[in-house]
Amino acid sequence: MEEKLIQRLEAAVSRLEALSAGVGGVPDDGGAGYSTDPVSLAFDDLMSNYVARVSSEAEKIGGQVLNVTRVVEEAFRVQKELLIRIKQSQKPDMAGLAEFLKPLNGVIAKANALTEGKRSDFFNHLKAAGDSLSALAWIAFTGKDCGMSMPISHVEESWQMAEFYSNKILVEYKNKDVNHVEWAKALKELYLPGLRDYVKEFYPLGPVWNASGKPIASAPAKPVAKGGPAPPPPPPASLFCSEPSQGSSLRPKEGMAAVFQEINSGKSVTSGLRKVTDDMKTKNRADRTGVIAASEKEVRTSQPAISKAGPPKFELQMGRKWVVENQIGKKDLVIDDCDAKQSIYIFGCKDIILQINGKVNNITVDKCNKLGVVFTDVVAACEIVNCNGVEVQCQGSAPTISVDNTGGCQLYLSKNSLHTSVTTAKSSEINVLVPGEEPDGDWVEHSLPQQFVHEYKDGQFITTPMSHSGG
């Protein structure tokens, strides 16, 4: 204990001496002045006090936990090197910044790769460590209009994503193995207060580049064969600087982890687009005429395409909102740890089944295709918007279920939810199934009308459902 205190006092004295000598940053000498730079010395303290503690606890556990902890160590070492380079370099353009951040991106990708494949017994450890590294993306902050939160807020928000898995570790090993509990606590302290306080003290407004330093070069263009296509352009500025958000507040956000993934892929942003040839244009197609066929008269409301942007998400944000985004083909998604103050937002999912155990405030299903949702109780409402081919089952109660701009929806109501108010708009093929009168009877299906007749009588319009007769 005394030895550790002496080391910290010596580090503090070194920083005071550097400040009194008027040292303002790392000179352009390859890092020779690093040992006297107070900003760099403070990062060394962060490594020796917080990163070292996580590593110490990981060594007691070993295995996959130790492996992912070593990746965390590597990520912080890379960030230290990038901070030194920032003091020596001019602020780059977006293409240059993407190239500058590739070393950090590579380490984050390495951590995420450990969570892939068969789910291990230490999955929560791997996810907590891997997700926490997105906090290091604060170094990519370039201004208030870049689409990121301020550096301090970014660190806090990034840890909240990882804390979901960290809390699972604390619950699982509370009375089982104290080493895992201490590792989870040390990992949290690394970011809160560790990294957060460091950023707050030295970089509250983001990295400070050296106007007279060396320029950072963009990635060199790949050579192509003679007569071949031109090399793809560098990623546009929109990857880092997003326009102000528009439309609904439920619009999904793309974090810096998605930015890093896009940059690391090495693909052009337009590489996935198909070129429209002359024979594909409507005016040149022989199979298109100006006559509308009878089968085309009944046109279902337009169904938006499933979002292919952004990585899949399955996480609790800010402790209040479950986000399930861009999940495809998963039939075993379950949300257990929920309460009546939390909401659930499901976006851009295809061919999945999600089970929600417990009472939640509200559920929103947006732009999903071939989705199954089973929930217990909802305090406010269950909303289904812009979907196609969904099945929703209420096992408890729900005051309101609304279906908007959706084609093909099966609603299963329990006996406790027969009083539910079902609202539909711009939707088709809506069927509601209710339990039969007998305890073991079959479900009874009721089709909700999608066509209506409006007749003007006695000074007002009378609306009735359209009835069809066989013939």
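Tyr412 stands opposite Leu433 of strand S13 in this predicted model. Strand S13 (residues 428-434) pairs in the parallel sense with strand S11 (residues 407-413) over five bridges, where pairing requires at least two DSSP bridges between two strands. Helices (H or I, at least four residues) and strands (E, at least two) are DSSP runs numbered from the N terminus. Both strands belong to an open sheet of seven strands with mixed pairing, in the order S3-S5-S7-S9-S11-S13-S14. The edges are formed by strand S3 (333-335) and strand S14 (444-448), each with a single partner strand, so one side of each has no neighbour in the sheet. On average, neighbouring strands of this sheet are turned by 15 degrees against each other, direction ignored.

Residues are numbered from 1 along each chain as its sequence is written. Local features need pLDDT of at least 70 and side-chain atom pairs count only at pLDDT 80 or more, whereas totals for chains, interfaces and linings use all residues; side-chain values use heavy atoms, with hydrogens and water left out.

In the helical part, the axes of H3 and H5 come within 9 Å and cross at roughly 170 degrees. Helix H3 is therefore roughly antiparallel to H5, a term applied to angles over 145 degrees. Axes are lines fitted to C-alpha atoms, for helices over the stretch in contact, with angles running from 0 to 180 degrees between N-to-C directions. Val71, Glu74, Ala75, Val78, Gln79 and Leu82 of H3 make the contact with Pro103, Leu104, Val107, Lys110 and Ala111 of H5, contact meaning heavy atoms within 4.5 Å. By class, eight nonpolar, one polar and two charged residues take part; Ala, Val, Leu, Ile, Met, Phe, Trp, Tyr, Cys and Pro count as nonpolar, Asp, Glu, Lys and Arg as charged, and the others, Gly among them, as polar.

Helix H6 (residues 123-132) is mostly covered, with 10 of its 10 residues buried, that is, under 20% relative accessible area (1.4 Å probe, protein chains only). The cover of these residues includes helix H3 (63-88), helix H5 (102-113), helix H7 (151-172) and helix H8 (178-202).

Ile61 lies in helix H2 (residues 38-61). Beyond four places in sequence, Ile61 touches Asn179, His180 and Trp183. The C-alpha atoms of Ile61 and Asn179 are separated by 6.7 Å, at 118 residues apart along the chain.

The chain averages a pLDDT (the predictor's confidence in each residue, from 0 to 100) of 78, and 72% of the residues score at least 70. Values stay under 50 over residues 18-33, for which the model has 22 contacts beyond four places in sequence.

Terms used:
Buried means under 20% relative accessible area, exposed over 50%, partly exposed in between (1.4 Å probe, protein chains only). Angles under 35 degrees count as roughly parallel, over 145 as roughly antiparallel, 65 to 115 as roughly perpendicular and the rest as oblique.
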